[in-house]
Amino acid sequence: MTKVKSLADLRKMKEGLESKLNLREKSNNPESLVQIRVAMATCGIASGAKTVMEYMIDELEKRNIEAVVTQTGCMGYCYAEPTIEVTLPNQDAVVFGYVNEKKANEIIEKYIKNNELVDGIIPVNYETIKK
Amino acid sequence: MKELSLHIMDIIQNSIVAEASCIEIELIESKSENIYSISIKDNGKGMSVEMLANVTDPYCTTRTTRKVGLGIPLLKQNAERAGGSLTITSELGKGTLLKAIFQHDNLDRPMMGDIAGVIILTAAANENIHFVYTHKTESGEYVFDTKEIKEALDGISMNQSQVIRYLKEMIIENLIEIHYSN
């Protein structure tokens, strides 16, 4: 693979990818996709949220799962960071705590692929201050 | 935080919460002056004088989900431990400028870490915000501007793993060329 170094290289790369990427145009209809939000506040970042986010982006692509991975602020579960919120199409969001790469793998394989619940879910009625 | 890049990721979140539409990150390395400086400037809603005075207090936060705000105090602690300082200037309605300075050769200066990854992950997750990342060393300067990237990508979303990979590689290649230090 040639290296991308300038904007001109990027344009070239883009042309090569375009046909593939167009099929995956996501912004039109985000509800039909798996949505993942990684909590990225001080607490999350300090406990490894960046690694989890990179892992999620790479693995979902490798496993051909159409998903949008974005960031969110602190959800108030600092004790359980890194936390991620997963929303499957037409379902309520579920928040998972203590997510490392191993857990993230389990979430992809069991929850995202088969809709099977896995350990580590933070109940929605958990009380945070002043919520 | 173990790496300065993670501090940067954290501080950028403050700018995002302050509803900034443009965030400028500038890193300046100077071995001759023994300086490693990080500036983060945004055009968000800014802070009042009272808020600004309390912002380095760990018990000061705008969040309602928890009672502590450690992002800025932790960065301040790291900067001061590495013979440097942290200053913030802010004006309501105009934006905020945060500057953290470290001694370049200080053993207590954390490593920069994966700055390319931090910039691209943050930019991809917040595509509506204009990011300008400037890195200056004694050998040169590299500017990564998401406006230019968006034009080059011409409608393709940045938030996809292949694009993220290419952009990260692009940043790293350019940083190597200006002999950045970690």
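**Notebook: chains A and B**

I began with the elements of chain A and counted 4 helices and 5 strands; helices (H or I, at least four residues) and strands (E, at least two) are DSSP runs, numbered from the N terminus. From the N terminus on, I read the order α-β-α-α-β-β-β-α-β for chain A.

This is a predicted model, in which local features need pLDDT of at least 70 and side-chain atom pairs count only at pLDDT 80 or more, while totals for chains, interfaces and linings use all residues. Residues are numbered from 1 along each chain as its sequence is written, and chains are lettered from A and ligands numbered from 1 in the order in which they are written.

**Sheet**

I traced an open sheet of 5 strands in chain A, with the order β2-β1-β3-β4-β5 and mixed pairing; two strands pair if DSSP finds at least two bridges between them. Its edge strands are β2 (67-72) and β5 (121-122) of chain A, each pairing on one side only. I then checked β1 (residues 34-39) against β3 (residues 84-87) of chain A: the two run antiparallel and are joined by 4 bridges. A:Ile36 has A:Val86 as its bridge partner in β3(A).

A residue is buried if 20 or more other C-beta atoms lie within 10 Å of its own, exposed if 12 or fewer, and partly exposed in between, with C-beta atoms placed from the backbone.

I looked up A:Met56 and, leaving aside neighbours within four places in sequence, found it in contact with A:Ile36, A:Val69 and A:Ala104; contact means C-beta atoms, placed from the backbone, within 7 Å.

**Chain B against chain A**

I listed 33 residues of chain B in contact with 35 residues of chain A. The largest share of the chain B side, 8 residues, comes from α6(B).

**B:Gly69**

I placed B:Gly69 in the loop between α2 (49-54) and α3 of chain B. B:Gly69 counts as buried because 22 other C-beta atoms lie within 10 Å. Leaving aside neighbours within four places in sequence, I found B:Gly69 in contact with B:Pro58, B:Cys60, B:Thr61 and B:Arg63.

Notes. Two residues are in contact if their C-beta atoms, placed from the backbone, lie within 7 Å.
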